[in-house]
Amino acid sequence: MRTILFVDDEPNVLSGLRRTLRQFRGQWALLFANGAEEAVSILRKRKLDVIVTDMQMPRITGAQLLKYVGDKYPDIVRVMLSGQSDEESLQLSVSRTHQYFTKPCDPIELFQAVSRSCALRDRLSNEKLKALISQTRSLPSAPQIYAKVVDELQSTDACLRTIADLISQDVAMSTKLLQLVNSSFFSLKRRVESPAQAAALLGLNVLRPVVLTVGIFSQFDVKNESPFSMVAFSDHAMAVGQVAEMIAEDLEAPKQIVDDSQMAGFVHDVGQLLLASRMPDTYEQVHRDVVERKQDLYETEVQYFGTTHLLVGAHLLALWGLPQPIVEAVAFHAKPREMETEEFNPLVAVHVANVLVNETTLQNPIEVDAQLDLEWLDGLGLADHIDRWRDRVRVMVSKGGRHE
């Protein structure tokens, strides 16, 4: 049974939480702390899975408490639950919080969010890797794009559209923006999948401080001799996102599924980016074993990490509160039949898109042997579409642009 700790300095709030969350006692061990000091005392005695804290508390604020938790207990999922929704609160919590909810919060929504954050973590056996993912504040961006975004934000006549277009080309920046804009801080009535739309919703007044001061973006820094290529990674990600979008549109899927498919395709290998940047020496060896010794990518990753980059990436996205269809597509696109599905969804689009792109010059350098699960696709009534999609992908790549 997982253990979750709620922290607030108002007894009435804690009493209300006890009442509303009583229905989940069979699934969670629920603990409550009156203030940060009591929370620290509990942390020293109990092993926790999740901590949910208020922002404004006397002596030790919620942001300070979460910084302490991140430093001392990095594998704990950190959630901010606050009655404030000002930009200063966001800036204080963004680098210390996995997810941000505003009061009043639907207890079922909160329960589902933290449950999703923990579900994929439970599949990771490597404790060091769990802590590394939990401590990840940002993913590294392509140096050229990072520099252009920073220069534009520092400009006195910064153009939001230019910044949004740049961010849309970068997996790391796009993922982080979606984490922010889909939090309940912004009280949006619908999900946002487009990085450009996320940038527009945040606006320059929010983007400037969180990028230039808080540092939600970072620059990829890898050894010159490293086999991991940021250019190849980005080109492959963009192509898979575009092809997944094309497939969803070709099947006349609802706009939500089309948007989710594009974004899921774009971030489908985000786990590779995390491992290559945070554990570069080990991932360099994985890369060499796969490319030079012709070993299977996923078996080699399990050998070194106890898991694959698919689950690493999916765990990070779930931790950051990205939509479940995107998380599932990232986690299972290589072995889609592990997810029970009877109809087209982003997982299907990304599975097909990744393989078809790997057949072109935009392949993932260490995943060129990815195969379509034709039996599974036939069961969904989609196998007959493959040749047509393959032809369209070849045309897209030859033209070097998007599908029409």
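Two strands pair if DSSP finds at least two bridges between them. Helices (H or I, at least four residues) and strands (E, at least two) are DSSP runs, numbered from the N terminus. The model in these views is predicted, and local features need pLDDT of at least 70, side-chain atom pairs count only at pLDDT 80 or more, while totals for chains, interfaces and linings use all residues. Residues are numbered from 1 along each chain as its sequence is written, and side-chain values use heavy atoms, with hydrogens and water left out.

Figure 1. The C-alpha atoms fill a box of roughly 65 × 55 × 45 Å, taken along the principal axes. The radius of gyration is taken over C-alpha atoms, and the globule rule is 2.2 Å times the number of residues to the power 0.38. For 404 residues a compact globule would have a value near 22 Å, so the 21 Å of the protein chain agrees with it. Buried residues (under 20% relative accessible area; exposed is over 50%, partly exposed lies in between; 1.4 Å probe, protein chains only) make up 56% of the 404 residues. The accessible surface comes to about 17,800 Å², and 47% of it belongs to carbon and sulfur atoms. Accessible areas come from the Shrake-Rupley method with a 1.4 Å probe, and for residues only the protein chains shown count as cover. A contact means heavy atoms within 4.5 Å. Among contacts between residues at least 6 apart in sequence, 70% join residues at least 24 apart.

**Figure 2. Strand β1 (residues 2–8) beside strand β2 (residues 28–34).** The two strands run parallel and are joined by seven bridges. Asp8 stands opposite Asn34 in β2. Together with helix α1 (residues 11–20), β1 and β2 make a right-handed β-α-β unit. Right-handed here means that, with the strands pointing away from the viewer, the path from the first strand over the helix to the second runs clockwise. Six of the seven residues of β1 are buried, so β1 is largely enclosed by the rest of the structure.

**Figure 3. Strand β3 (residues 50–53) and its buried residues.** Val50 and Val52 point one way from β3, Ile51 and Thr53 point the other way, and all are buried. β3 pairs with β1 in the parallel sense over four bridges. In this pairing, Thr53 is the bridge partner of Val7, and Val50 has Ile4 opposite it. With strand β4 (residues 77–82), β3 also pairs in the parallel sense, over four bridges. The bridge partner of Val50 in β4 is Val77. From β3 the chain passes through helix α3 (residues 62–72) to β4, and this β-α-β crossover is right-handed.

Figure 4. β5 and β4 pair in the parallel sense over four bridges. Phe101 in β5 has Leu81 opposite it.

**Figure 5. Helix α2 (residues 36–45) and its buried side.** An α-helix has 3.6 residues a turn, so residues three or four places apart point the same way. In α2 the buried residues are Ala36, Ala39, Val40, Ile42 and Leu43. They cover an arc of only 160° around the axis, which puts them on the same side of α2. The arc is that of the directions from the helix axis to the C-beta atoms. The buried residues of α2 pack against β1, β2 and α3. The face turned away from the buried side carries the exposed residues Arg44 and Lys45.

**Figure 6. Leu273 in helix α14 (residues 270–278).** The relative accessible area of Leu273 is 0%, so Leu273 is buried. Leaving aside neighbours within four places in sequence, Leu273 is in contact with Leu139, Pro140, Ala172, Phe220, Phe228, Met230 and Phe233. One of these, Pro140, is 133 residues from Leu273 in sequence and 7.6 Å from Leu273 in space, C-alpha to C-alpha.

**Figure 7. Ser115 in helix α5 (residues 107–119).** Ser115 counts as buried because its relative accessibility is 19%. Apart from neighbours within four places in sequence, Ser115 is in contact with Arg2 and Trp28.
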